[in-house]
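Grab a pencil and work through these exercises with the model open beside you. Each task comes with a solution that you can follow step by step.

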Amino acid sequence: MGAGAEMSIQSTGGPSVHSSDAANFFQRAAIAVQRRIGRQRIRAFLLGSIPFVAILSIWFLNDIFVWRQTYEIPSMKAVVKSFFHLQRNCPGIIGLLTMDRACGMTNHIFDSISRMLLAAVIGLPVGIGLGVLAGMNRTISKLVEPIAIFFNSISGIAWIPLAIVWFGIGWMTTLFIILNTVVWLMFFNAMLGVRSIAKVYEQSVATMGGSRWNIITDVYLPGAMPSIMTGLRMSMGFGWRALIAAEMIGGDSGLGFMIFSAAAEFRIELVFLGVILISLIWMATDRFLFVPLERWTVERWGLVWKPS
Amino acid sequence: MSAKLIVQGLTHHYPDEYTGETVHALDAIDLKVEEGELVTVVGPSGCGKSTLLNILAGLLPYEAGAVSVDGVPIRGPGSDRGVVFQEHAILPWRTVTRNIGHGLEIKNVPKHVREPKVQAFVDLVGLTGFEGKYPHELSGGMKQRCAVARTLCADPAIMLMDEPFAAVDAQTRITLQEELNRIAIATKKTIMFITHSVDEAAFLGDRCFVFSARPGKIKTIVDIDIPRERRNWNDMNADSVFLAARARILKLVREEVADVVEE
């Protein structure tokens, strides 16, 4: 490896004999990083970072020149501080994990995430199951499709007044709102996915003596994966947005609730923090859950093409 | 020799997908396929050869007549009749080995019994070294080899092949024909092979059923009495029996095409 790195320095017209040891070291380190991660990925990361860097720069400059007052755009420092301020009485990692009352910030985060997880655990199997059934059976699709279209047209937020009347403020209301978003989106995508599978796959399993169940597990579910992945991204994405909205009005904790109550107290830095956290959590979910899942399934099977 | 597949008075109509008119696809088909025999079915497009195969596979219900394999009437698809489809029908989400072993998996054959069997078929069709590959990483010819191995591995009583080499290039195609001949010798499988290529029908068949244009009827049965061991494309191009059989089949098929054109 070491020898190889040196070779490539020479072949790429690297440092001359006069360059210092320090420059040599940095060049070597850069090549090692490129080898480890890959040029394309570094390039993609850098390109994707440009808009973020631009926004952060403007924000940073506002800290210095104060084009906008701090009650409109808080300083970066205040936003970072507000995170730790809400955690100031948190009794360490144990308190954090046991969701001690004093750990204000992390409790809001955990509440939002666990509501989303609960909705995923209930909503995704229901949506996928109904979708697969409707995709394979005309009678079921005729029975379920119209009502699904009806419910899917109602945005999650529109349910909030009713949900509050039915379930009160808190867990049940937010869960109900997300489920309404997740189930129907997943249903339509799974149904479409099953319908778009070539008939010959199903026939080939049937002629090997496969049962209906074999066909569902070996053909419909993997074959519908491209659509199911789209459904997963859509339903979780819209579900996450609906959750934040639901927490604002019908919740008593969570990031949405935090933002809403911070705004009422004119604590603009907490609103900023909440918004940033909402996006960061989503980006992390996409990067560490959905992207690997896609690589592991549809990309490996050659069902979708990777953009080059 | 005993008859493996018996078809008696098989008749079938179906409504055309677009016009809704009733199509008379098969008219009183009678045929027998003996154990270990490879028969080819050839005829003009739309003569009902694929309809016949779909009925035999159990994918299409039939109206009138009787169809049986080993004396058991056909009711729906079953593992006694393996099918190799025209399109690439191996599952894109399974590797070569998992595709080939799929039939055994469905029959709940335990892994330690399954694995050596699957490997034997991987080797038989020349896919050694590609066991862990997914179909999209294989060439068209390799995909069809995998499909043939998958069908054989499930050990059906009869293997039905629906123009399986139609989508591959000409060079690969003659290689696949020679390989199928080799496989037929090695496994002694009963095979029904549907094609529209006269060359293919004459090269592979012990007997060749020539179909008439719609409604599909068996016009003539051409015997091709050449031992399997001697069948390879180098020798066949100078083999008088083969050349005569091919010329006869070609003439019969062309008459049918001409009839359709005149109508």
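Two strands pair if DSSP finds at least two bridges between them, and strands (E, at least two residues) and helices (H or I, at least four) are DSSP runs numbered from the N terminus. This is a predicted model, where local features need pLDDT of at least 70, side-chain atom pairs count only at pLDDT 80 or more, and totals for chains, interfaces and linings use all residues. Residues are numbered from 1 along each chain as its sequence is written, while chains are lettered from A and ligands numbered from 1 in the order in which they are written.

**Exercise 1.** Work out the strand order of the open six-stranded sheet in chain B, and say which strands stand at the edges.

Solution. Start with the order: 6-7-8-3-9-10, with mixed pairing. Next, look at the ends: strand 6 and strand 10 (218-223) of chain B each have a single partner strand, so one side of each has no neighbour in the sheet. Finally, neighbouring strands are turned by 20 degrees against each other on average, direction ignored (axes are lines fitted to C-alpha atoms).

**Exercise 2.** Find the partners of strand 7 (residues 158-162) of chain B and a residue pair for each.

Solution. On one side, strand 6 of chain B pairs with strand 7 of chain B in the parallel sense over four bridges; here Val84(B) stands opposite Met161(B). Then take strand 8 (residues 190-195) of chain B, which also runs parallel to strand 7 of chain B and is joined to it by five bridges. There, Ile158(B) stands opposite Thr190(B).

**Exercise 3.** Describe the contact between chains A and B.

Solution. Count residues in contact (C-beta atoms, placed from the backbone, within 7 Å): chain B gives 21 and chain A gives 16. Now trace the chain B side: strand 6 (81-84) and helix 3 (102-106) each supply at least two residues.

Methods: Contact = placed C-beta atoms within 7 Å. Axes fitted to C-alpha atoms, helices over the stretch in contact; angles between N-to-C directions.
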